[in-house]
Amino acid sequence: MSTAASRRRPATIHDVAREAGVSRGTVSRVLNGGHYVSPTAKAAVDAAIRRTGYVVNRHARSLITGKSDSVAFLLTEPQERFFEDPNFNVLLRACTQALAAQDIPLLLMIAGTEDERRRNLRYIEAGHVDGVLLVSSHSGDPVVARLHEAGVPVVACGKPLGQTAKIGYVAADDRDGARDMVRHLYASGRRRIATVTGPLDTPGGVERLAGYRETLAEHGLPVDETLIATGDYSRASGEDAARALLERAPDIDAVFVASDLMAQGVLDAFARAGRKVPEDIAVGGFDDSPAALSSRPSLTTIRQPWDRISAEMVRTLLARIAGEEPATVILPTQLVRRESA
């Protein structure tokens, strides 16, 4: 074989063993977690992998281990929502980076329709991924139950309603974040504080509304149902909700909105109605997504620690794949003051 042909041939585990001066079995143990390998031998194998450019043949390894060495990012929302809502992109990017540090690829799957859900579940249940990062779970959605029954390790982003005993999850403290925002609006002198909720079949929708209600009661303000409008986390739904609030209660002086994207729609509606923000009506969002900074005025909001959420989702999922019990992680939020309130 010519020298040029040899250079083009992909490096094999035998090449790594020869370069490191160890046995093929030692290289194999390093590639499968480093158990029963001395630090010196592991360092030699790692250096040989870098020098030879060796890449693991995942298909061959999966035949031996029974694992795919990949993870699914399963979004149970329509495809257009993935491109509209910046939170999903931020979460996907951070999860991809966290898994890349473990040399594990991430597969994006969108299950916003019944057909998509059926196809994706069939693929997952066939063992083509080792676990699932579940994003945007809705109450009554069969996905959680199906994956649990199939024995697929799952970690959800946000508390899955009605399923908390079955799967692990990582969530920001939605209720406490809502309390912080409403307290801030109250402290700024606002007394007719309305809210635009998220969907009430999602944990964020339920928990943020609960925090709003509790904080009004804490300050002796009545919970007026005419001051509560429901959105679906889209910008258009925020605009529709704001118009409805102005029709029902034109004297509102503040609105807590359950997402920054909906808050942009609220700002659009108030601008069209001639209401100045924050002079006439203060507006607070939730997420601290890119939408908060691009809004005019910039949004006072509640920051979710997306990097920590992503890292914890990956950590707890890998632990589940390794056989550990489901875990729950609740992370604190932070009030970010800007121009809108």
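## Helix packing and cores in a predicted model

Helix 2 (residues 13-20) packs against helix 4 (residues 39-52) at an angle of about 120°, and their axes are 8 Å apart. That angle makes helix 2 oblique to helix 4. The crossing is right-handed. All of this is read from a predicted model.

On the helix 2 side, the contact residues are D15, V16, E19 and A20. Helix 4 answers with A44, V45, A48, I49, R51 and T52. By class, this contact holds 6 nonpolar, 1 polar and 3 charged residues.

Helix 10 passes helix 11 in a right-handed crossing.

Helix 10 brings D174, R175, A178, R179, V182 and R183 to the contact. Helix 11 brings G204, E207, R208, A210, G211, Y212, E214, T215, L216 and E218. The residues here divide into 5 nonpolar, 3 polar and 8 charged.

The two pairs side by side:

| Helix pair | Angle | Axis separation |
|---|---|---|
| Helix 2 and helix 4 | about 120° | 8 Å |

**The nonpolar cores**

The largest nonpolar core has 41 residues. Within it, Y212, I252, V255, F270 and V283 touch the most other members. Helix 13 gives the largest share, 6 residues.

Take V255 as an example. Not counting residues up to four places away in sequence, V255 touches L185, A194, T195, V196, L245, F270, I281, A282, V283 and G284. Another core, of 26 residues, lies apart from the largest one. Its members include V71, C95, I104 and V170.

**A serine in a loop**

S234 sits in the loop between strand 7 and helix 12. Is S234 buried or exposed? At 7% relative accessibility, S234 counts as buried, because buried means under 20%. Leaving aside neighbours within four places in sequence, S234 is in contact with R81, E84, L261 and M262.

Key:
Residues numbered from 1 in each chain as written. Predicted model: local features only at pLDDT ≥ 70, side-chain atom pairs only at ≥ 80, totals over all residues. Heavy atoms only, no water. Axes fitted to C-alpha atoms, helices over the stretch in contact; angles between N-to-C directions. Helix = DSSP H or I, 4+ residues; strand = E, 2+ residues; numbered from the N terminus. Parallel < 35°, antiparallel > 145°, perpendicular 65-115°, else oblique. Left-handed = near helix turned anticlockwise from the far one by under 90°. Contact = heavy atoms within 4.5 Å. Nonpolar A, V, L, I, M, F, W, Y, C, P; charged D, E, K, R; others polar. Core = buried A, V, L, I, M, F, W, Y, C linked by side-chain atoms within 4.5 Å. Buried < 20%, exposed > 50% of the residue type's maximum accessible area, 1.4 Å probe, protein only.
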